Amino acid sequence: MNFGLIFFQFLPLLLYIGFEYWKGFKAGILAAIVGSVFMIGYSYATTGKVDSFSIGECGLIVFLGFISLKMDNDRYFKFQPTVLAACFTLVFVYFEFKGTPILVRYVPQMEKLFNAKDASPEVQLMIQKLHDPHYLEVMAKLSFAMIFVFIAHGLVMAYAALRLTTAQWFMWRLAIYPALVIVTMVVGTIYA
């Protein structure tokens with residue numbers, strides 16, 4: 001696991017917390033905006049491209065950051081994970097209504113992602129399972145369940161933004177990602 005990459009992904013959040021503690025929420029928001037824009041620039045400079053998720057996340061940090069600065073209230077900035085959860089919920093619901101759950105729709109992309117020439121036997125076995133009808137049924141059920149996981153995530157983070165201190169919000173923000181992975185694994189196991 002590349003801990004440098006994980007740290008880099010949380011850079012705007014860490015800058016916000018550090019500067020908020022040191023100089024106040026306005027400095028924290030400005031640091032997060034600068035960190036987010038820096039991440040986009042660094043990604044483009046090193047790889048020649050920027051993924052759309054990073055652009056969207058940067059846009060959300062900048063947009064909610066400026067609203068918070070204009071309204072002189074850091075709660076708007078803290079709603080970023082709630083807005084992301086709502087966006088993910090809408091995407092998953094959209095694909096459910098189209099009749100192709102998003103996790104099933106992107107099986108070919110998962111296959112490309114894991115289809116390396118020197119892939120281990122375990123990875124090769126996983127690639128073969130991607131087309132198993134039972135596996136696709138499990139992915140469809142998991143895709144549906146993720147709608148409720150994202151709704152719960154959004155509600156928890158909204159509560160944290162409205163009622164908790166910045167430090168408590170930060171702890172929930174960090175804890176929610178491993179919790180999402182665990183819930184996803186548990187739901188996937190139940191449907192398997």
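Student: Which residues touch the most other members of the largest nonpolar core?

Tutor: Of its 13 residues, Tyr 16, Ile 17, Phe 77 and Trp 169 do. Helix H2 (11–23), helix H3 (25–47), helix H10 (133–163) and helix H11 (166–191) each give two or more residues to this core. This is a predicted model, in which local features need pLDDT of at least 70, side-chain atom pairs count only at pLDDT 80 or more, and totals for chains, interfaces and linings use all residues. Residues are numbered from 1 along each chain as its sequence is written, and side-chain values use heavy atoms, with hydrogens and water left out.

Student: What makes a set of residues a nonpolar core?

Tutor: The members are buried Ala, Val, Leu, Ile, Met, Phe, Trp, Tyr and Cys residues joined through side-chain atoms within 4.5 Å. Another core, of nine residues, lies apart from the largest one and includes Phe 95, Ile 147, Val 149 and Leu 180.

Student: Why is Thr 89 called buried?

Tutor: Buried means under 20% relative accessible area, exposed over 50%, and partly exposed in between (1.4 Å probe, protein chains only). Thr 89 has 10% relative accessibility, so this residue counts as buried. Thr 89 lies in helix H6 (residues 80–98); helices are DSSP runs of H or I with at least four residues, numbered from the N terminus. Not counting residues up to four places away in sequence, Thr 89 touches Ile 147, Phe 150 and Ile 151, where contact means heavy atoms within 4.5 Å.

Student: Why are Phe 53 and Phe 88 called partly exposed?

Tutor: Phe 53 has a relative accessible area of 38% and Phe 88 has 29% relative accessibility. Both values fall between the two limits, so partly exposed is the class for each.

Student: How do you know that the aromatic pair of Phe 53 and Phe 88 is stacked?

Tutor: Rings of Phe, Tyr and Trp (its six-membered ring) pair if their centres lie within 6.5 Å; planes under 30 degrees apart count as stacked, over 60 as edge-to-face and the rest as tilted. Phe 53 and Phe 88 are 5.8 Å apart centre to centre, with 25° between the planes, and the pair is therefore stacked. Phe 53 lies in helix H4 and Phe 88 in helix H6, so the pair ties together parts that are 35 residues apart in sequence.

Student: Which residues do ring pairs link into a cluster with Phe 53 and Phe 88?

Tutor: Phe 92 and Phe 150 belong to that cluster. By the ring rule, the count comes to ten aromatic pairs.
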